[in-house]
Amino acid sequence: MRRLWAILLLAAGCAADGAGGPAAPARAPDPLNPKDPEMVRAAPDVFRVRFDTTRGAFTVEATRDWAPKGADRFYNLVRAGFYDGARFFRVVPGFVLQFGIPADPKRAAAWKDAVFADDPVKTSNARGTMTFATAGPNTRTTQLFVNFGSNARLDRMGFAPFAKVVDGMAAVDAIHAEYGERPDQGRIQAEGEAYLARDFPRLDVIRSARLVNE
């Protein structure tokens with residue numbers, strides 16, 4: 001009888017290690033497929049992302065309640081490594097620092113029409129806040145900007161911040177501003193890094209953007 005109990009306990013342990021064990025971790029999302037189920041996961045209520053750039057590092061803290069749809073899109077793009085290698089292509093001192101067109105034209109093409117709905121504006125576009133760029137209502141895709149100054153007028157235009165810089169704002173302020181708004185967004189979409197490296201070589205680069213403590 002004692003041997004039978006040992007066999008039964010061993011069998012129970014094997015079963016627990018199978019279907020009853022911990023769930024496998026989520027796989028990395030596919031950066032070329034906006035419809036990948038892993039690209040539409042809900043973000044945590046609060047999360048942080050560290051950007052390592054050619055001007056140093058800065059960290060943003062996203063608060064999902066501010067703009068849930070925006071926070072979710074940002075969270076999944078970061079998980080996919082989408083912003084790695086992208087350049088800050090629009091730098092307007094006192095106004096905004098814009099980025100979010102990937103270095104790889106294939107990625108840009110995959111996401112060009114992957115629009116998502118607007119969020120109500122709950123938080124003002126104060127200095128250091130991060131917001132998705134738009135081309136009109138419900139046209140957000142992957143482009144982001146950080147507010148250099150207090151841009152409250154953008155609130156009335158529907159730009160909904162979802163995050164703010166909590167560390168390293170000096171690195172944001174130091175991003176190379178020589179080219180202003182000269183880089184052509186259409187050409188960045190079509191040619192990617194090749195165009196920017198050739199015609200605007202001193203634009204600063206996002207070496208990596210990673211979730212912190214996840």
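Predicted model: local features only at pLDDT ≥ 70, side-chain atom pairs only at ≥ 80, totals over all residues.

Biologist: What's the volume of the largest pocket?

Modeller: About 400 Å³. Its lining has 23 residues, with Q98, A133, T134, Q143 and Q185 nearest the centre.

Biologist: Which element gives the most to that lining?

Modeller: α5, with three residues. β4 (96-99) and α3 (105-111) are among the elements that supply at least two each.

Biologist: And by class?

Modeller: The pocket lining has eleven nonpolar, ten polar and two charged residues.

Biologist: How many cavities of 30 Å³ or more?

Modeller: One. The volume of this largest cavity is about 30 Å³. R87, I101 and E193 are among the residues that line it. Six of the lining residues are nonpolar, two polar and two charged.

Biologist: Switching topic. How many salt bridges in the whole structure?

Modeller: The search finds 17. In one of them, R55 pairs with D204, with the closest N and O atoms 3.0 Å apart.

Biologist: What does that pair tie together?

Modeller: R55 is in the loop between β1 and β2, and D204 is in the loop between α6 (193-199) and β8 (206-211), so parts 149 residues apart in sequence are tied together.

Biologist: Is D204 buried or exposed?

Modeller: Buried, at 6% relative accessible area. R55 is partly exposed, at 40%.

Biologist: Which residues form a network?

Modeller: R187, E191, R198 and D199 are linked by salt bridges.

Note on methods. Residues numbered from 1 in each chain as written. Heavy atoms only, no water. 1 Å grid on protein atoms, 1.4 Å probe; cavity = no way out; pocket = protein on both sides within 12 Å on 5 of 7 lines; lining within 4 Å. Points joined across faces, edges and corners; volume = space filled by probe spheres on them. Nonpolar A, V, L, I, M, F, W, Y, C, P; charged D, E, K, R; others polar. Helix = DSSP H or I, 4+ residues; strand = E, 2+ residues; numbered from the N terminus. Salt bridge = Lys/Arg side-chain N within 4 Å of Asp/Glu carboxyl O. Buried < 20%, exposed > 50% of the residue type's maximum accessible area, 1.4 Å probe, protein only.
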